[in-house]
Amino acid sequence: MMKRILLILVLSALATLGARAQDSLNLARMDSTYVGKSILSVIGPGAEINQTTQVRQALYNYVSSNAGMAVQGYRIRVFYDNSPQARVRSESIAAYLRAQYPETGVYRSFESPNYKVTIGDFRTKDEALRIYNALKGTYPTAYIIKENINFPR
């Protein structure tokens, strides 16, 4: 039901914008200075986006309903071990990473016989590389893995 409402809102907004865009499109055909430019670069940094509370609520509901959905992405495997001290070391590494990167998800798991610590919910490998480059000095055995990540917030 919410998806239908969101779809109707989006389609009605596009129809309204389509009517306005036709006038803008004719203007853009006349003025070649707009060719190849992003709309955001044309309107400038002072632009304001006004949206109704219904649109904001529909977007919030859409994001909330997909929060548990798995998305293919990247994480950084920082620790992987099965030694007798692996449990304690994985706990301390996870706690350290949570303190250093509070906005980034840190995941500790156990798959017999190995304890694992991974960090991040990165959509692209480039995002993962930024954190990886910061971590590789402290954790030289860290590596980037492709796996299901949590839906971005």
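Of the 153 residues in this protein, 23% are buried, where buried means under 20% relative accessible area, exposed means over 50%, and partly exposed lies in between, with a 1.4 Å probe and protein chains only. Before I go on, the model is predicted: local features need pLDDT of at least 70, side-chain atom pairs count only at pLDDT 80 or more, and totals for chains, interfaces and linings use all residues. Residues are numbered from 1 along each chain as its sequence is written, and side-chain values use heavy atoms, with hydrogens and water left out.

Next, the elements. The protein has 5 helices and 4 strands. These are DSSP runs numbered from the N terminus, helices being H or I with at least four residues and strands being E with at least two. Read from the N terminus, the order is α-α-α-β-α-β-β-α-β.

Take the pairs in turn. β2 and β3 are antiparallel, with 6 bridges, and a hairpin of 2 residues links them. E111 has N114 in β3 as its bridge partner. Contact here means heavy atoms within 4.5 Å. Among contacts with a separation of 6 or more, 70% are between residues 24 or more positions apart.

Last, the surface. The protein exposes about 11,300 Å², and carbon and sulfur atoms supply 56% of that. Accessible areas come from the Shrake-Rupley method with a 1.4 Å probe, and for residues only the protein chains shown count as cover. Which residues make the nonpolar surface patch of about 250 Å²? They are L59, Y62 and V63. Patch residues have over 30% relative accessible area and no salt bridge; like charges are joined within 9 Å, and nonpolar side chains (Val, Leu, Ile, Met, Phe, Trp, Tyr) within 5 Å. A salt bridge is a side-chain nitrogen of Lys or Arg within 4 Å of a carboxyl oxygen of Asp or Glu. V63 sits in helix α3 (residues 53–65), and counts as partly exposed because its relative accessibility is 32%.

Terms used:
Two strands pair if DSSP finds at least two bridges between them.
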